[in-house]
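Could you take me around this structure, one selection at a time? I have it open in a viewer and would like to know what to click on next and what I will find there.

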Amino acid sequence: MAVFWERVSFTAKTMQSDRVLPSADEITAWRRYLHSRPELAFDEVHTATFIAEKLREFGCDVHTGIAETGVVGILGKGLTDRAIGLRADMDALPITETNDFPHRSQREGCMHACGHDGHMAMLLAAARELASGEEPDGRIYFIFQPAEEGAGGGAAMIRDGLFDRFPMEAVFGLHNVPGLEAGSFATRTGPIMAALDLFDIRIAGRGGHAAFPQNSSDVIVAAGALISVLQTIISRNVSPADAAVLSVTAVEAGKTYNVLPDTASLKGAIRSFTPEVRTAIIDRVLAVCRGVAEAYGVSIESSFEVAYPATINSERETLFASEVAQDLFGTDGINGNCAAQMASEDFAFMLQERPGCYMLIGNGSRQGGCLLHSSDYDFNDAILENGAQYWVALAKAWLARSSV
Ligand SMILES: [Zn+2]
Ligand SMILES: [Zn+2]
């Protein structure tokens, strides 16, 4: 996920309770260790081993090898069929870290630049606290998902039977956001992250000598017209009340000065929040392609690939999660109606299968930036306890509910 969030005013409250979270130093040590040993999508072998060992040490029933490197820890038996899933992502990015602190990545070209090291540490800390108390009446599933960064690990876990093997009523995710006040929370009901569709367009015409265009059907002129008209779809065919983006991101045609090529190709991406808008945009892309083909005497083929559905928070679970955060950190500590973001998120696949809530936690601001997916990013250790407290309170409150 790559976003830069608005700032909100927030003063972190320290939770006074009889909590037995691991000490902040210990959670920080886990986080920094994971940061120093990043692994890319579906290659999180060492990471999975570390997580599985910790979960076993805490007393969880541990299942490994789900979608290759995914791990699920289970806590509780209980008399009810109440069950909740808490999900953290595991993979790093192909980025060379430019930080020089001692816990920087030990692997050239691989870095935890999206904070998944922090997400894992927060969920491990919650697992340890929940395991140290009375056995829950119901089940808590700690889901450690591989390959969030574009490789479809969430969908792969579902194909591997995540929700069949581990039946749960709802599933919850938590991701850090630089720019949002450190340790505060933000979410919203409905779409919170965008759907992403990729498209490829191939234009075929008749090439020839550049001095005699009357003998050709020029694919480059057709491509230019197509790019311009595609840009009118969002501004003219989508309601201003509905956010969407269409970007042409690659253009390829021709090789030299005096030849009109006979093919051109475009690549691009469409981002939207609702199925209706998504379908309307794709229908318009197809119509524009047909019109430009007719007008310019070329043939145009297009194909679309659904990369991510929109991440859609269900109302009941989002209100529930927001109340949990508010009880812990006060009304200033949670924005329950934050702006949706145009980035996409693999957790969307899980929310297609079960109701739930994707929650954001502020990573704070740092002089000079510290954006997600940047080579100088680092997870803010000061927010680890807030995240772990949220997970613990959410699981306890969910299992304590009297009815589904
Ligand atoms: Zn990311
Ligand atoms: Zn991420």
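Start with the largest nonpolar core, which has 62 residues; select Phe144, Phe172 and Tyr390, the members that touch the most others. Bear in mind as you go that this is a predicted model.

Keep Phe172 selected and show its surroundings. Leaving aside neighbours within four places in sequence, Phe172 is in contact with Ile84, Gly85, Leu86 and Arg87, and also with Glu317, Ala321, Phe347 and Cys357. Tyr390, Trp391, Leu394 and Trp398 complete that list of contacts. Apart from this core lies another, made up of 32 residues, with Val72, Ile143, Tyr308 and Leu360 among them.

Next, switch to a cartoon view and colour the open sheet whose 8 strands run in the order 1-2-4-3-5-16-6-15, with mixed pairing. Strand 1 (61–66) and strand 15 (334–335) are at the edges; each has a single partner strand, so one side of each has no neighbour in the sheet. Pick Asp61 here and you will find Ile74 of strand 2 opposite.

Then select helix 10 (residues 384–400), which lies across strand 3 (83–89), strand 4 (139–145), strand 5, strand 6 and strand 16. Helix 10 runs at about 160° to strand 3.

**The zinc ions**

Which protein atoms are the donors of the zinc ion (ligand 2)? Show Cys114 (SG), His116 (NE2) and His175 (NE2), which lie 2.1 to 2.3 Å from the ion. Along the chain, these donors follow the spacing C-x1-H-x58-H. Cys114 also bridges to the zinc ion (ligand 1), and the two ions lie 3.2 Å apart.

Are Cys114 and His116 buried or exposed? Cys114 has a relative accessibility of 2%, so this residue counts as buried. His116 counts as buried too, because its relative accessibility is 0%.

**Across to the other domain**

Zoom out and colour by domain: domain 1 covers 12–193 + 311–400, and domain 2 covers 195–308. Their centres, taken over C-alpha atoms, are separated by 39 Å. To see where they meet, look for the contact formed by 15 residues from domain 1 and 9 residues from domain 2.

Then move to the open sheet of 4 strands, ordered 10-12-8-13 with antiparallel pairing. Strand 10 (244–253) and strand 13 (299–308) stand at its edges, each with a single partner strand. From one strand to the next, the twist averages 15°. Strand 10 pairs with strand 12 over 9 bridges, and here Ser247 stands opposite Ala269.

Two helices come next. Helix 6 (residues 219–237) lies across strand 8 (195–204), strand 10, strand 12 and strand 13, at about 170° to strand 10. Helix 7 (residues 275–296) lies across those strands as well, at about 165° to strand 13.

For a last stop, select Asp262, in the loop between strand 11 (259–260) and strand 12 (263–272). With a relative accessible area of 44%, Asp262 is partly exposed. Beyond residues up to four places away in sequence, Asp262 touches Ile203, Ala204, Gly205, Arg206, Gly207 and Val219.

Technical notes. Residues are numbered from 1 along each chain as its sequence is written. Chains are lettered from A and ligands numbered from 1 in the order in which they are written. This is a predicted model: local features need pLDDT of at least 70, side-chain atom pairs count only at pLDDT 80 or more; totals for chains, interfaces and linings use all residues. Side-chain values use heavy atoms; hydrogens and water are left out. A nonpolar core is a set of buried Ala, Val, Leu, Ile, Met, Phe, Trp, Tyr and Cys residues joined through side-chain atoms within 4.5 Å. Buried means under 20% relative accessible area, exposed over 50%, partly exposed in between (1.4 Å probe, protein chains only). Contact means heavy atoms within 4.5 Å. Donors are N, O and S atoms within 2.8 Å of the metal (3.2 Å for Na, K and Ca); water is not among the atoms, so sites may look incomplete. Two strands pair if DSSP finds at least two bridges between them. Axes are lines fitted to C-alpha atoms, for helices over the stretch in contact, and angles run from 0 to 180 degrees between N-to-C directions. Domain bounds come from an automatic or database domain assignment.
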